[in-house]
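Hi everyone, thanks for coming.

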Amino acid sequence: MPQLKRRQPNTFKQPVDFRDRESFLFAKEIVKPFGAIESVLDWAKQEFTGEWRWQLVEVSSERRPGRYIFYFENERDYLAFLLKCS
């Protein structure tokens with residue numbers, strides 16, 4: 001029986017800046033149906049100019065919507081998000 005080779009763990013080539021949610025100036029919780037968060041994330045990646053993060057609070061399913069919190073560094077991104085998702 002051939003011996004399996006262990007794979008090297010994935011490592012980041014560039015350091016990733018991890019920030020606490022308290023370090024962001026603005027936050028907004030949203031509720032989206034199953035499968036809808038992808039379109040929000042795609043839009044956010046194209047439109048936001050400052051740093052932002054999102055957090056999964058409750059997983060969506062076919063019966064229940066998901067809950068998410070978005071965190072923003074600047075007011076411009078926060079207001080654009082409010083207009084888009086509220």
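**A walk through the fold**

The chain has an accessible surface of about 7,300 Å², and 51% of that belongs to carbon and sulfur atoms; these areas come from the Shrake-Rupley method with a 1.4 Å probe, and for residues only the protein chains shown count as cover. Before we go on, please keep in mind that this is a predicted model, where local features need pLDDT of at least 70, side-chain atom pairs count only at pLDDT 80 or more, and totals for chains, interfaces and linings use all residues. Residues are numbered from 1 along each chain as its sequence is written, and side-chain values use heavy atoms, with hydrogens and water left out.

Of the 86 residues here, 24% count as buried. For that word, buried is under 20% relative accessible area, exposed is over 50%, and partly exposed lies in between, with a 1.4 Å probe and protein chains only.

What pattern does the chain follow along the sequence? It reads β-α-β-β-α, with two helices and three strands. Both kinds of element are DSSP runs numbered from the N terminus: helices are H or I with at least four residues, strands are E with at least two.

Now the sheet. The three strands make an open, antiparallel sheet in the order β1-β3-β2, and strands count as paired if DSSP finds at least two bridges between them. As background, strands in a sheet pair through backbone hydrogen bonds, in either a parallel or an antiparallel way.

Which strands stand at the edges? They are β1 (26–32) and β2 (52–58); each has a single partner strand, so one side of each is left without a neighbour in the sheet. From one strand to the next, the twist averages 20°. Between β2 and β3 (residues 66–72), which run antiparallel, there are six bridges, and Leu56 stands opposite Tyr68 in β3.

Both helices pack on this sheet. Helix α1 (residues 37–47) touches β1, β2 and β3, and its direction makes about 170° with that of β2. Helix α2 (residues 75–85) touches β1 and β3, at about 20° to the direction of β1. Those angles run from 0 to 180 degrees between N-to-C directions, using lines fitted to C-alpha atoms, for helices over the stretch in contact; contact itself means heavy atoms within 4.5 Å.

Let's go back to Leu56. Together with Trp54 and Val59, Leu56 makes a nonpolar surface patch of about 300 Å². Patch residues have over 30% relative accessible area and no salt bridge, with like charges joined within 9 Å and nonpolar side chains (Val, Leu, Ile, Met, Phe, Trp, Tyr) within 5 Å. Trp54 is in strand β2 and is partly exposed, at 38% relative accessibility.

**The charged pairs**

How many salt bridges are there? The count is five, taking a side-chain nitrogen of Lys or Arg within 4 Å of a carboxyl oxygen of Asp or Glu.

Arg53 meets Glu51 at 3.5 Å, N to O; Arg53 is partly exposed at 27%, and Glu51 is partly exposed at 34%.

Is Asp77 buried or exposed? Asp77 is buried, with a relative accessible area of 0%, while its salt-bridge partner Arg76, 3.0 Å away between the closest N and O atoms, is partly exposed at 47%. Elsewhere, salt bridges that share partners join Glu29, Glu58, Arg64 and Arg67 into one network. Within that group, the closest N and O atoms of Arg67 and Glu58 are 3.3 Å apart.
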